[in-house]
2 protein chains.
Amino acid sequence: MKRVDNYKKKIVKLSKNKKTIFVLSIPQFFKKKVTNSLLLINSGKIIYTVRKKELPNYGVFDEKRYFSSYDGKRNIFKYKNSKIKFLICEDMWADDFFKKKNKQTVDLLIIINASPFEVGKFELRKKLASKRARFYKSQLVYLNLVGSQDDLIFDGGSFVMNTSGKIILQKQFFSDSEKIVDLNIKHKAEKKNKVSDLEHLYKALMIGLKNYFKKNNFSSVTLGLSGGVDSALTLSIVADCLDKKKINSFFLPSLFTSNESRVDAFNLSKRLNLETTELSIENLRKNILQELKLVFKKTKHGITEENIQSRIRGLLLMALSNKFNSLLITTGNKSELSVGYSTLYGDMCGGYSLLKDIYKTKVFELCKWRNNNYADDFLIKKLNVIPEEIINKEPSAELKFNQKDSDSLPKYETLDNILELLIDKNQGIEFIVKQGFPKKTVMKIWDLIKKSEFKRYQSAIGPKVSGMSLSADRRFPLINKFRL
Amino acid sequence: MKRVDNYKKKIVKLSKNKKTIFVLSIPQFFKKKVTNSLLLINSGKIIYTVRKKELPNYGVFDEKRYFSSYDGKRNIFKYKNSKIKFLICEDMWADDFFKKKNKQTVDLLIIINASPFEVGKFELRKKLASKRARFYKSQLVYLNLVGSQDDLIFDGGSFVMNTSGKIILQKQFFSDSEKIVDLNIKHKAEKKNKVSDLEHLYKALMIGLKNYFKKNNFSSVTLGLSGGVDSALTLSIVADCLDKKKINSFFLPSLFTSNESRVDAFNLSKRLNLETTELSIENLRKNILQELKLVFKKTKHGITEENIQSRIRGLLLMALSNKFNSLLITTGNKSELSVGYSTLYGDMCGGYSLLKDIYKTKVFELCKWRNNNYADDFLIKKLNVIPEEIINKEPSAELKFNQKDSDSLPKYETLDNILELLIDKNQGIEFIVKQGFPKKTVMKIWDLIKKSEFKRYQSAIGPKVSGMSLSADRRFPLINKFRL
C-alpha cells in the first residue's frame, strides 16, 4: 500500500501542467480499510475519487477478503456540461445502482473493468451494459483490461454505447488499443460483428500462455507429444504464439506406442515447422520394473505399471525443463482431469496446463477450427496444421496394447455432457438423470470426480476459459464421502 | 441441502417422547439464503433456532462465499428458570454481541465451535471466553469439534466456565468425551493445567494424519526414509498412531547417500519396531543420465541431475503407493517448502504432507520432545525413539557429495525467524531488517519464497497447525514480480 501510494504521488506530479485527465485505479485506504478506488487526476491534483461498492465473492473472486465495500454518498463527476458517473466492474453487474430510487441524471457512464474471460462472457457484458445505458438514457464507455494474471485472462474488447444501448465503437480483443471518440457527435450503431466463440477461445489460450511464459521469465517451453489430439492442439497453440527457437518438443515412446502415433506426432511437428526429438522410455520402463520386481512379487500387472510409463515421461521432461529453464506444458484436458484419467507426477507434470479448462469434445472442435482458420497475429500462417489422422483416430493413452479411452470411460460426448452438468452447471444427480442420462453412468462419473479431487489439488495452474474452471473457482474438499 | 433437511427430519422424529433437548448444527435456508444454524429439538419439535451472524472470511475461512449473515432479532432461550444465549463460533470472537447496548440478562452462554487448531489457539479461546462470561456475569459452556477435515484439525478441549470466567471443567483434547455438569451447584475453579505446546502439536499431527488416512480409506501408509530428521519425525508420528502392519517404509540410497544415513535410518525403524526395505536408486540414476546424455551434451552437471535422484525416489514410492492403495506421506518441512528447497514431483510426491506447517527448528524440538515423552494413546510406548545421531548431524539433502543445507540456505535458526516474520506475521522487509537481520539475507529469502510459489501451488495438502499454513490460508499469486 505504501508503494502504491508512492507511485500515485509520482503520477499526480507528472500530471502537472497537463490538460488531460488521468484515470488511475488502485487500492486506497479509506477509514483505515482498503477500498478498490478510481481516481481522476488533473494538473497535479486528485480531482475526483470513487470507491467500489459491490465486492464479488463468488467463483474466482475473493474481494471481501481484501477490500471493504464503500456504501456512502457518490457525487457525479461534472466535466464541462456533462455529468459522468463512474462505476468499478461489479458495480455494473449488481442492481443497486440501477434502481429507480438511486437514478441520477447522467450523460455518460464510464465503467472500468478487470473482467476475466469466459466463453460467451462478452455477450453477457454487452447485454448488461446495454440495459444500464438505456436505464440512464446515457452513453456508456466500457473499458476492460487486456492481459492475464495466473489463471485469469483479460480479453479487452472495450466498447462505447449510445443512449439506446447500441455499440457505436468496438475495440479489438486480446490487445491494447487507443481511440478518440467525440461523444458530442451522434454515432451510428456499428454493424454486428459476432465474435466466433472458437476463435476467441483459441486466442484466449494463446494470450494466457504468452503472458505466463513472459511474466515468469522462461527461456523456452517444453512439451511431450503423444501423437494424440491434446498434445497436437497444445503444440499448435504454442507454435502460433512463440518463436520456434523457443519450443522444445519430445516424443517419448514405449513398447506400447503405436507406429501411427510416431508418424502422426512427427507429421504434426513438421507441419508446424518444428523439430521433435525422440527419447525412448522403453529401457527405463524395463529397468524400473526390474528394480520393483521383488517388492511387487505376487501382484498383478496393472494400472501401477501403466502409470510408471507416464511418470518416466514426466521425469525426463522435468529434467529437460530444469536444465534449460524451460516451461513444461502439460497437455491434459478438462475431461481427463475431472475424472482423474491422468497420472499425478506423470502426464500431469508441468508448470502450465494449457487445456485444463477445455473438455475433450472442445479440443476436437478447436483442432478443426484451427485447421480451417488462422489470424493475422498467429506465427504459423497456414491451414491444416493438425493432421486429420490425429483428429480422426480413437483416443488412447497407449499405456498398454490395444488400450482405448472408451475402455474405462463413457464416450467423450456423453462424458462431457454429464461433466458440464455436474461441474459447470453444479447440478445434482436427479436433475441430470431427468435429462436422459443413465443413472449408473452419472453416479460413476460423480464418484470418479470425487475420488480424483486429490489429483486436481496438486495439478498445475491453467487458463480459466469457462464459468467453472478447475483452478480458482471450484473449491471442493479432498475428504468428501458425502453423496450428492 | 435436501439431504441435510431429510436427516434433520429423521432426528426430529427420533426425539419424540424423549425429555432430552438435542442440539443440531446445520446449514438452513432462511429467506432463500443459506444460514449457519443451530436448532434445539425436543419431543418431536424444533423448539428454538438461532442463526450465525458473524461470518469469518479471513485465513482458512471463506464463509461469506457460502453463508448469509443473520442480523435479525435473537430471542433468549428459556429453560426452567434459566436464560440461555446460544452463539455460533465466530459470534463469540466479534464484539457485536458484547456491546453494552446489546447486553441481555443471561444465566448461561453456550457456544458451539468448529475452531481449527493452531499452536496457542486454546489460550486465545480461553481468554476471550472468560471475557465474555464476565461481561454477561454468566456461566459459559464452550463446545468444540474433535476430528479433522482436509487440512483443518479440530482439537476439542471443550470447557465450562463460571460467572467469573474461570474454568470449572476442562475436557480432554483430541478425543470425544461426555460429562454431566450441574450448573446449579457452585463449582470451584479447576487447577491450572497448562497444556504443553509441543505435546499438543505432536498430537495434532497424529489426529490429522489418522483422520485423513481413515476418511480416505487407505490400506496403509508409505514413506521414504533418508536418515534425516524430517523423515524420522514423520515415521515416529506414523508409528505412534498406526498399526505397524499398515506402515511401509523404504530407504532409497544413491551413490551420494552416506553410510551414516543408512545406519541412522535402520536404527530409527528398529527403535519403532518397524522393518524398512532398501531399494537402491543408483542403477536408475545412471540409466536416466545415460538416456539424457545426448540432449544434455555441453551442459554442466548441476541441480537438474540432483533433482533426478529425488524424482526417481518419488517415482518408486508412488508405484508402491499405487500398487498397495497406500497413502504416500511426503516428509518435507515448512522451511524447505517456503524457500523451494524441495523437488517438485520428487520428495514433494505424496498425498499428505505431515510437516507442511512445521518449520525445521520446530522439527528438532518435536524430535526432542518425543524422545523424552509419550502419551497413553501412543502405540509406541517408549522414549528415545529417534536416534541422537539423526538429531545432531548437520542437515543434508545428500544429492551430491559433501552437500549441506547450509551451502544454499542461511542456518535454520535465522531462516526460520525470517520466514516466520515474512509468512506468519506478514511483515515487510523494512520491519524485519529493523529486528536486526541483514537486508541481503531477508531479500534473498523473500525472493526464494516468491520464486517457489509454483511449487507450493502443486504441493500436497497437510495439517494446518499455525496461524498461517501453506495450504488454505496463504493465497499468493504465481506471477508475482512486484516487490514487498
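pLDDT is the predictor's confidence in each residue, on a scale from 0 to 100. For chain A the average pLDDT is 95, and 99% of the residues score at least 70. The model as a whole has an ipTM of 0.95 and a pTM of 0.96. Bear in mind that this is a predicted model, in which local features need pLDDT of at least 70 and side-chain atom pairs count only at pLDDT 80 or more, while totals for chains, interfaces and linings use all residues. Residues are numbered from 1 along each chain as its sequence is written, and chains are lettered from A and ligands numbered from 1 in the order in which they are written.

Now to chain A itself. Its domain assignment, with bounds from an automatic or database source, gives domain 1 (52–195) and domain 2 (199–405). Taken over C-alpha atoms, the centres of domain 1 and domain 2 of chain A are 39 Å apart. Where do the two domains of chain A touch? Nine residues of domain 1 are in contact (C-beta atoms, placed from the backbone, within 7 Å) with eight residues of domain 2.

Next comes the partner chain. Here 45 residues of chain A are in contact with 45 residues of chain B. Among the contributors from chain A with at least two residues each are α5 (197–215) and α8 (282–292), and α9(A) gives the most, with 13 residues.

Notes: Helix = DSSP H or I, 4+ residues; strand = E, 2+ residues; numbered from the N terminus.
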